[in-house]
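Here is a short note for a colleague who has not seen this structure before. Please keep the model open while reading the points.

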Amino acid sequence: MTRVNVSLAIVLVICTSLIIGQSRGEKKPAASKPTSKKFRLERLRGKVVFLAEALKRKYGIRSVSEASKRVLALEAKDGKLHPLVEDFRGRAFRLDKRLRTMDAELLVRRYKGSPTLQVIGVYTLEKKGKFELDYWCDICAIALYELKPCDCCQGAIRLRKRKR
Ligand SMILES: [Zn+2]
């Protein structure tokens, strides 16, 4: 094997174990997966904003400066504000400004008794239609859910849009 082939093989092995690890990681919590009684799925349209900015703009409420970018929220088309859980999918909106300027449709879980919504799908609404968004590493051919160096090769990833 040439040197390039060897390093490519190593990358592939690491990626494969990473993917297997990920799917294993996802299977484990499935046992304690919240039942449909704990949450319901909703699709909401609007723009993702920082809650403090929206509160100031809509109601004149001034948050303290250190809280200005603490909480993300969906500002729905009807004007209602829905705070978002900042897990790795929610954090995508903090890390990539493009996601905060687009017309969005979010597939979310609304948990009984909680005001925060958990994002499980992100879509952008454009003239050409609806596109599902995630990030993609062309080298490792793996999807990621937030903008960062690839988990596997540490290279650059790109925002991926798929027609839905
Ligand atoms: Zn990669």
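This is a predicted model: local features need pLDDT of at least 70, side-chain atom pairs count only at pLDDT 80 or more; totals for chains, interfaces and linings use all residues.

1. G90, A92 and F93 are its buried residues. They line one face of the helix, because they fall within an arc of 140 degrees when seen down the axis of α3. An α-helix has 3.6 residues a turn, so residues three or four places apart point the same way.

2. What do the buried residues of α3 pack against? Their partners are β1, β2, α4 (98–101) and β5.

3. Next, the core. The largest nonpolar core has 20 residues. V48, L72 and A73 have the most contacts inside it. Two or more residues each come from β1 (39–50), α2 (51–59), β2 (72–76), α3 (88–95), β4 (104–111) and β5 (117–126). The largest share is that of β5, with four residues.

4. L72 deserves a look. Neighbours within four places in sequence aside, L72 is in contact with V48, F50, L51, L84, E86, G90, F93 and R94. G90 and F93, on that list, are among the buried residues of α3.

5. Finally, the whole chain. It has four helices and eight strands. Their order along the sequence is α-β-α-β-β-α-α-β-β-β-β-β. Of its 164 residues, 18% count as buried. Among contacts with a separation of 6 or more, 51% come from residues 24 or more positions apart.

Note on methods: Residues are numbered from 1 along each chain as its sequence is written. A residue is buried if 20 or more other C-beta atoms lie within 10 Å of its own, exposed if 12 or fewer, and partly exposed in between; C-beta atoms are placed from the backbone. Two residues are in contact if their C-beta atoms, placed from the backbone, lie within 7 Å. A nonpolar core is a set of buried Ala, Val, Leu, Ile, Met, Phe, Trp, Tyr and Cys residues joined through C-beta atoms within 7 Å. The arc is that of the directions from the helix axis to the C-beta atoms.
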